[in-house]
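Visitor: I have a protein open on my screen and would like to talk it through with you. Could we take it one piece at a time?

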Amino acid sequence: MIRQLATIAAIFALLGSVGLAQDQNSERQEMLRGGATPKGIYNVFGLDGTGLGRTTVKFDGKYAPGTIVISTSERRLYLVQGGGSALRWGIGVGRTGFQWKGTHKITAKKVNPDWTAPAEMIARQKDVPRHMKGGDPANPLGTHAMYLGSTLYRIHGSPDAESVGEAESSGCFRMRNTDVADLYARVPVGTTVVVK
């Protein structure tokens, strides 16, 4: 009887510590989203019902195959394939006041990039972490990042899959880690990125 009670107590203690770790991770994600609440119905099986995963779509435009076209209003990223088609992914975009338009090239690509909070973010959010090593599961850049020109902006993964499809970033374009790894493998440094 005592052994059974000890086993039950150990199980409850373990479940409590898992719950605490999840609560702490949720608080960190909320802070990195700038306090925005998570939306969407993403789950661990990658099923979200929102249509944000990769799909092939018709794409008529003036862009050469291999060009990335980002539609901020649609919250979609297109990789032009030619023949009137493109691969399309859902993305997270900058929140109001942080969205931008322009054309840049991918100037660098990194797997498990380190992240350092920009001074502008620190000024807005005093309690934001100053630095996170690559590979940290809570690193806001996720598993892969593609750097855009000499700007602070990137196309990158995110440990917060629920933020994809939302307008919550400081101007970067967020993708699910599985999706950004897919795009990363398809585009070289020098790829043109058109943001409209």
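Visitor: What percentage of the residues in the protein are buried?
Guide: Before the number, please keep in mind that this is a predicted model. Buried residues account for 40% of the 196 residues in the protein.

Visitor: And how many helices and strands are there?
Guide: The protein has 3 helices and 13 strands.

Visitor: Okay, which residues touch the most other members in the largest nonpolar core?
Guide: That core holds 21 residues, and those touching the most other members are Ile-68, Ile-70, Leu-77, Ile-155, Phe-173 and Leu-183. At least two core residues come from each of β2 (68-71), β3 (76-82), β4 (85-90), β9 (144-148), α3 (177-186) and β13 (192-195), and α3 gives the most, with 3 residues.

Visitor: What does Ile-70 touch, leaving out residues up to four places away in sequence?
Guide: With those left out, the residues that Ile-70 touches include Leu-77, Ile-155 and Phe-173, and also Val-193, Val-194 and Val-195. There is also a second, separate core of 9 residues, and among them are Trp-115, Ala-117, Leu-141 and Tyr-147.

Visitor: Switching to strands, in which sense do β6 and β13 pair?
Guide: Strand β6, residues 102-111, pairs with β13 in the antiparallel sense over 4 bridges, and Thr-103 stands opposite Val-194 in β13. Strands β6 and β9 also run antiparallel, joined by 5 bridges, and here Ala-108 stands opposite Tyr-147 in β9.

Visitor: Tyr-147 again! Which charged end sits over its ring?
Guide: That is the charged end of Lys-110, which lies 5.2 Å from the centre of the Tyr-147 ring.

Visitor: Is Tyr-78 buried or exposed?
Guide: Tyr-78 is buried, because its relative accessible area is 8%, which is under the 20% cut-off. Phe-59 also counts as buried, at 14% relative accessibility.

Visitor: Which residues do ring pairs link into a cluster?
Guide: The cluster consists of Trp-100, Tyr-153 and Phe-173. Phe-173 is buried, with a relative accessible area of 2%, and Trp-100 counts as buried at 14% relative accessibility.

Methods: Residues numbered from 1 in each chain as written. Predicted model: local features only at pLDDT ≥ 70, side-chain atom pairs only at ≥ 80, totals over all residues. Heavy atoms only, no water. Core = buried A, V, L, I, M, F, W, Y, C linked by side-chain atoms within 4.5 Å. Buried < 20%, exposed > 50% of the residue type's maximum accessible area, 1.4 Å probe, protein only. Contact = heavy atoms within 4.5 Å. Pairing = 2+ DSSP bridges. Phe/Tyr/Trp six-rings, centres within 6.5 Å; stacked < 30°, edge-to-face > 60°. Lys NZ or Arg CZ within 6 Å of the ring centre and 35° of its normal.
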